[in-house]
Amino acid sequence: KKKEKKEKEKREKEKKERERVPESLQHEETGMEIKGSNARLMLMQKLSSRKMESRVLVLRNMVGVEDIDEDLESEVTDECSKYGTVKRVIIYQEKQGHEDDAETVVKIFVVFTAQTEVEAAIKSLDGRYFGGRVVKAELYDEAKFKANQLAD
């Protein structure tokens, strides 16, 4: 009975979600029209798939807080210099909540002189193992970076 009740609650929740999403969303710039309950999600995916112009790379999961030392910035600069001219490296610690014991995530921002350099770094570093961790290398919005918006 519990399983049936959970399934019924799930169906009701999905029905309410479908009712909140308009039947059709249009985007004037592309002339695209999409219909159905996943319209909003599909539109956001379409808009986010546009190529972003940026000279900023963000490295996630490369190191933990305990791995930060005075050599990390120069080590990252040396490694990333294989892909182009590194203008700046910022090691950013982001607390994942307001609780005292909330996890802290380390993000490393690397500014290159050209987007092609960032793309080369991503191609090489994304998915690579570093100290037992799988590195996530991504393009980071340059406008957000310049505005010092480093938190997700």
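The sheet and its packing

Modeller: Opposite R88 stands V111, a residue of strand 5. The model is predicted: local features need pLDDT of at least 70 and side-chain atom pairs 80 or more, while totals for chains, interfaces and linings use all residues. Residues are numbered from 1 along each chain as its sequence is written, and side-chain values use heavy atoms, without hydrogens and water.

Strand 4 and strand 5 are antiparallel and are joined by 9 bridges (strands are DSSP E runs of at least two residues, helices H or I runs of at least four, both numbered from the N terminus; strands pair at two or more DSSP bridges). Strand 5 is also antiparallel to strand 3, with 5 bridges between the two. One of these positions places I108 of strand 5 as the bridge partner of L59. Strand 3 in turn runs antiparallel to strand 8, again with 5 bridges, and V58 stands opposite E138 of strand 8. Together, 4 strands make an open antiparallel sheet in the order 4-5-3-8. Its edges are strand 4 and strand 8 (136-140), each of which pairs on one side only.

Strand 5 is mostly covered, with 7 of its 9 residues buried (under 20% relative accessible area; over 50% is exposed, and partly exposed is in between; 1.4 Å probe, protein chains only).

The largest nonpolar core contains 19 residues (buried Ala, Val, Leu, Ile, Met, Phe, Trp, Tyr and Cys joined through side-chain atoms within 4.5 Å). L57, L59, V76, C80, I108, V110 and F112 have the most contacts inside this core. Two or more residues each come from strand 3 (56-60), helix 3 (72-80), strand 4 (86-95), strand 5 (104-112) and helix 4 (115-125). Strand 5 supplies the largest share, 4 residues.

L59 shows how these elements meet. Setting aside residues up to four places away in sequence, L59 touches V76, C80, V106, K107, I108, V110, L125, V135, K136 and A137 (contact: heavy atoms within 4.5 Å).

R60 is located in strand 3. At a relative accessible area of 19%, R60 counts as buried. Beyond four places away in sequence, R60 touches V106, K107, V134, V135, K136, E138, Y140 and D152.

The aromatic side chains remain. The structure holds 3 aromatic pairs (Phe, Tyr or six-membered Trp rings with centres within 6.5 Å; stacked under 30 degrees, edge-to-face over 60, otherwise tilted). Y92 and F109 form an edge-to-face pair, 6.4 Å from centre to centre and with 65° between the planes. Because Y92 belongs to strand 4 and F109 to strand 5, this pair ties together parts 17 residues apart in sequence. Y92 is partly exposed at 24% relative accessibility, whereas F109 is buried at 0%. F109 also pairs with Y140: the ring centres are 4.9 Å apart and the planes are at 80°, so this pair is edge-to-face. Here the partners lie in strand 5 and strand 8, so the pair ties together parts 31 residues apart in sequence. Y140 is buried as well, with a relative accessible area of 5%. Through ring pairs, Y92, F109, Y140 and F145 are linked into a cluster.
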